[in-house]
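Let's take a walk through this protein chain together, with the model open beside the text.

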Amino acid sequence: RGYQVVHLDLSPSSVTIARNRIALSWPDAVQTGRVIFHSGSLLDVAAMLEDAAARPLGVGKFDYIDCLGVLHHLKQPSAGLRALQSVLKDGGGLAFMVYGELGRIGIYHMQRMMRLFMEAEQQEQHQGQKDRVWPGRTFINMSRRLLANLPSTNWLKMDRWRWKKLLRSVNGTGESGIVDMFLPGHDVPMRVPEVYAMADAADMEIVSFVHPALYRLETYVHDPALLKDMQSIRSRRKREEFAELLSGNHFHHFVYARKLFKGGGGGGGEEEEEAIRSSAASIDDPNGWDLIPVPVRFRGKDLARVIRTKELGFLPWKTRNLQLFFRLPALAADILEHMNGRRTVAAIFERLTPAVPREQFRAAFLHIQKTMTGMGKLFLSHYPVTYMGPSGEERELMKALYPTSPEWGYYALPHCQHT
């Protein structure tokens, strides 16, 4: 109630497509102005908000902004984040995604090769051929031919999984995908330190990377002695930077950040610790046991059955081309069995048979929560949430595309019951 959604895109065509899609599934929202659409640059959002006559973005600053896959295509990504921050309320949230450098290093080598081609073309144009237009299709075809001739030692081909995924992406998206990947106007990749620096410059506090497990040292290192030595790296930023370098597999950085309150100081500084206040709910919060654990893309009872049947002490998670394993507490199956998006933490505790001490349950639940929220597979809600599983056709398609994926890992669509 009382909310308004604003869709902003630089492309008028994209705005039209978005409006038509929303009108089909949510016609009242468009007719009543619950969702409004505008074409323009995010760099100009402050001026748009101050336009009291036209009000292209509605009235008042925003509680939340979503900006995925945009900032790195700006000449100065930090300018884009500062612009968005300027129209956020104090304490408002902002989710953004930027490309990671290490996981896409072969793509940046390819971009450089294509720029060398384009520089040669530009030199020819300056030599008496100034009337020629930029030969876009020529470079698109050249990119395809170059891909077909890459040696096996090229970064793009050294990892078989990445190579196959790249070919699927190129073949599936056509010319627009090739331009986006190999011929962008701007593509500014970042590592963890650059992401933090951009947030600091915009007076934004990074609450968490998504999925946070990918930025934890213990995700990759299982040697107790080495992990103990790594505790000397006390800065959260440096631990996350270390994890990125250790993995070498971060294609993107998905980030949730919030605007600092006025007078709240800077972005935390180099030596910030776990003291950064997290917005994630916890059962240790006041009334935390009244929260509802909501499984994401799996059914609790199905996962519990797999854990018992396979006698799993670890939970496998395959993220892109990397297989990871997370240790499970002894009560994992007993707790997961009762997670259905409707039962509270207290109700799950009461259902356990045989009964266990409250502190033992708390420790096991917090272990499960940290593991599965780190994977993006669990969140705590104040309201019950139901899941609509895939249709028969979707199930057959997923089995064909991902024959080795367990059924509890399939995607499902969440629907919050609260209105």
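## Ground rules and overall make-up

This is a predicted model, in which local features need pLDDT of at least 70, side-chain atom pairs count only at pLDDT 80 or more, and totals for chains, interfaces and linings use all residues. Residues are numbered from 1 along each chain as its sequence is written, and side-chain values use heavy atoms, with hydrogens and water left out.

The protein chain has 17 helices and 12 strands. Helices (H or I, at least four residues) and strands (E, at least two) are DSSP runs, numbered from the N terminus. Of the 419 residues, 40% count as buried. Here buried means under 20% relative accessible area, exposed means over 50%, and partly exposed lies in between (1.4 Å probe, protein chains only). Among contacts in the protein chain with a separation of 6 or more, 75% are between residues 24 or more positions apart; a contact means heavy atoms within 4.5 Å.

## How some helices pack

Two packed helices are described by the angle between their axes and the distance between the axes. Axes are lines fitted to C-alpha atoms, for helices over the stretch in contact, and angles run from 0 to 180 degrees between N-to-C directions.

| Helix pair | Angle between axes | Distance between axes |
|---|---|---|
| Helix 6 (residues 136–148) and helix 8 (residues 160–182) | roughly 165 degrees | within 11 Å |
| Helix 9 (residues 192–201) and helix 12 | about 145 degrees | 8 Å |
| Helix 4 (residues 77–86) and helix 9 | roughly 45 degrees | within 9 Å |

Let's begin with helix 6 and helix 8, whose axes cross at roughly 165 degrees. That makes helix 6 roughly antiparallel to helix 8. For such labels, angles under 35 degrees count as roughly parallel, over 145 as roughly antiparallel, 65 to 115 as roughly perpendicular, and the rest as oblique. Helix 6 brings R137, I140, S143, R144 and L147 to the contact, while helix 8 supplies W163, L166, V170, G174, E175, I178, V179 and F182. By class, this contact has 8 nonpolar, 2 polar and 3 charged residues. Ala, Val, Leu, Ile, Met, Phe, Trp, Tyr, Cys and Pro count as nonpolar, Asp, Glu, Lys and Arg as charged, and the others, Gly among them, as polar.

N141 also lies in helix 6, and it counts as partly exposed at 36% relative accessibility. Its C-alpha atom is separated by 8.9 Å from that of E175, 34 residues apart along the chain.

Helix 9 and helix 12 pack at an angle of about 145 degrees. V192, P193, Y196 and D200 of helix 9 meet R236, R237, E240, E241 and E244 of helix 12. The residues of this contact divide into 3 nonpolar, no polar and 6 charged.

How far apart are the end C-alpha atoms of helix 16 (residues 358–374)? They are 24 Å apart, which agrees with the 24 Å that its 17 residues should span at 1.5 Å a residue; the expected span is 1.5 Å times one less than the number of residues. The buried residues of helix 16 are F361, A364, F365, I368, Q369, T371, M372 and G374. Just after this helix, G376 takes a positive phi of about 75 degrees.

Is N249 buried or exposed? At 11% relative accessibility, N249 counts as buried, and its place is in the loop between helix 12 (236–247) and strand 6 (252–259). Leaving aside neighbours within four places in sequence, N249 is in contact with G103, R162, T319, R320, N321 and L322.

## Backbone details to look up

A cis peptide bond joins V210 and H211, with omega about -5 degrees. H211 sits in the loop between strand 5 (204–210) and helix 10 (217–220). The peptide bond from T353 to P354 is cis, with omega near -5 degrees, and P354 lies in the loop between helix 15 (345–351) and helix 16.

D203, in the loop between helix 9 and strand 5, has a positive phi near 55 degrees and is a residue other than glycine. D203 counts as partly exposed at 38% relative accessibility. N287 has a positive phi of about 60 degrees although it is not a glycine. N287 is found in the loop between strand 6 and strand 7 (292–295) and is exposed, with a relative accessible area of 60%.
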